[in-house]
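Please look over the sequence and the model shown here.

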Amino acid sequence: MTVIERREIALVDLLDRLLAGGVVLAGDVTLRIADVDLVRINLNALISSVNENVPSPWENLL
C-alpha cells in the first residue's frame, strides 16, 4: 500500500473541503406507473460556506 492509499480522512475534514469550494447537486426523480408520469421532482442545489467572498443572502433581512 502506498501512503495515499492508507491515508484516512475524517468526515468533518471532507465536508470542510467540499464546502470551501462549493458543491453542486443535481438530480431527477420520476414516479411512473403504467408508462404514465405521476410525479416528477427536479433538484438543483448549490451548497457553499459563507465567508467574506460569499456573503449570506439573508444578511439584509435581519
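## Strand 1 and its exposure

Strand 1, which spans residues 23-33, lies largely in the open, because of its eleven residues the number buried is zero; buried means under 20% relative accessible area, exposed over 50%, and partly exposed in between, with a 1.4 Å probe and protein chains only. Strands are DSSP runs of E with at least two residues, numbered from the N terminus.

The model is predicted, so that local features need pLDDT of at least 70 and side-chain atom pairs count only at pLDDT 80 or more, while totals for chains, interfaces and linings use all residues. Residues are numbered from 1 along each chain as its sequence is written, and side-chain values use heavy atoms, with hydrogens and water left out.

## The hairpin

Strand 1 runs antiparallel to strand 2 (residues 36-47), and eleven bridges join them, where pairing requires at least two DSSP bridges between two strands. The two strands form a hairpin with two residues between them, and Ala34 in the turn has a positive phi of about 55°.

## A charged contact

Arg32 stands opposite Asp37 in strand 2, and these residues form a salt bridge whose closest N and O atoms are 2.8 Å apart. A salt bridge is a side-chain nitrogen of Lys or Arg within 4 Å of a carboxyl oxygen of Asp or Glu, and a search of the whole structure finds one. Asp37 is partly exposed, with a relative accessible area of 46%.

## The nonpolar patch

A nonpolar patch on the surface is formed by Val29, Leu31, Ile33, Val36, Leu38, Val39 and Ile41, with about 630 Å² of accessible area together. Patches are made of residues with over 30% relative accessible area and no salt bridge, nonpolar side chains (Val, Leu, Ile, Met, Phe, Trp, Tyr) being joined within 5 Å and like charges within 9 Å; accessible areas come from the Shrake-Rupley method with a 1.4 Å probe, and for residues only the protein chains shown count as cover. Strand 2 supplies the largest share of the patch, four residues.
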